[in-house]
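I opened the model to look up a few residues, ring pairs and surface features. My notes follow in the order in which I went through them.

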Amino acid sequence: FGPFIDHLLRLFRDERPLLEARGTLIVRQLCELLEARNVFVTLASGLQHEEDLEFAAQMVKALNLILLTAPEAWELRMTLKSPSKEGTELLVTLYPAWAHNPVALLAVCLLAQAYEHAAEIISTFGRLEMPMAFLVQIDKLVQLFESPILTHVRLQLLEPEAHPFLLKALWGILMLLPQSPAYHTLKNRLSAVPELGLLRLQLATTAGGRGKGVPEAEAKAGIDFKALLKTYEDVQSKHHQLHLQQKKAEAKRMERK
C-alpha cells in the first residue's frame, strides 16, 4: 500500500491537471474501498518529506477539503474531535504534512478543539505575505465554520469563559479578512456570543485565571504543542525561502527583457 501511495503522489505531482480534476474523486474512492485512516496517514507520511513544496501545499489543500467535508472521512472527523488517545495520535500524525498549508492546519486544529494552538498559528500569519489565494482559503474557512461540520465549535461559543482561546482564534481570523461577506458573517457570529459569558471571561482574566473549563493541554493530553509549532515554523520557513527565490528569478527575467 505504501509504494502504491508513493506512486499516486508522483502521478499527481507530475500531472497537476489530474490532481485538480480527479484527485478528490480518486482519494475519496480509496477511502471508501479501504480504511480512510490508513489512506490519510500514508498520504501524510509521503507528503511530510515532499521536496516540491508547492505541490505539497496544493495536495494538503485537497486532502483537507476531503477530510472536513466528505462522507467517506466521517470517522476521521469524529476521531479528531474526540479527546481520546487515538484522536491525539491522528492529529500529531497529520500535523507535519498539514504544516505545508497554514489555513488547512488551522482548520484541523479548530476541528480537533486545539484552540490555543490555533490562536498561536494565527499569530504567525502576520509574518507572512498574504496573497489572494491565502485570503480565499480564509474566506472558505469561514464558510466551513458556518457548516454543520463545526457545529460543536459554534456551540462552545455559548461558554466563552470556558473557551477563551477559541474566541481569540476567531477574532484573529476576523482581523485577517478584508471587508467582505465572510468578514460580516464571522463578525455577526461573534456578536452573538453571550455578553454574560464575556463578562465572566473578563473577570477571570483580570483575576489572573484562565477561566473555567478544560484547558487545551488536558483536552489533547500528551501533545507537545511547542514541538509542533516548531515543525510548522520550519516548514513555513522553507516555503518562504522558495517564495524569495521565485521572486528573485522573476526579477532577473524582467531585467533581461
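I started with leucine 67, which lies in helix α4; helices here are DSSP runs of H or I with at least four residues, numbered from the N terminus. Leucine 67 has a relative accessibility of 0% and so counts as buried (under 20% relative accessible area; exposed is over 50%, partly exposed in between, with a 1.4 Å probe and protein chains only). I then checked leucine 67 against arginine 77: they are 10 residues apart along the chain, and their C-alpha atoms are separated by 6.9 Å.

I noted the basis of these values: the model is predicted, local features need pLDDT of at least 70, side-chain atom pairs count only at pLDDT 80 or more, and totals for chains, interfaces and linings use all residues. Residues are numbered from 1 along each chain as its sequence is written, and side-chain values use heavy atoms, with hydrogens and water left out.

Next I looked up isoleucine 173, which lies in helix α11 (residues 164–176). Isoleucine 173 is buried, at 3% relative accessible area. Between isoleucine 173 and tyrosine 183 I count 10 residues in sequence and 8.8 Å in space, C-alpha to C-alpha.

I searched the whole structure for aromatic pairs and got three (ring centres of Phe, Tyr or Trp, the last by its six-membered ring, within 6.5 Å; planes under 30 degrees apart are stacked, over 60 edge-to-face, the rest tilted). Phenylalanine 40 belongs to helix α3 (residues 36–48) and tryptophan 98 to helix α6 (residues 85–98), so the pair ties together parts 58 residues apart in sequence. Phenylalanine 40 and tryptophan 98 are both buried.

Which residues line the largest pocket nearest its centre? I found Ala57, Glu129, Pro131, Gln236 and His239, out of 21 lining residues (a pocket is an open set of points on a 1 Å grid over the protein atoms alone, where a 1.4 Å probe fits, with protein on both sides within 12 Å along at least five of seven lines; lining residues have an atom within 4 Å of a point). The volume is about 730 Å³, taken as the space filled by probe spheres set on the points. Helices α4 (53–69), α7 (102–111), α9 (132–145) and α15 (225–256) each supply at least two lining residues, and α15 gives the largest share, six.
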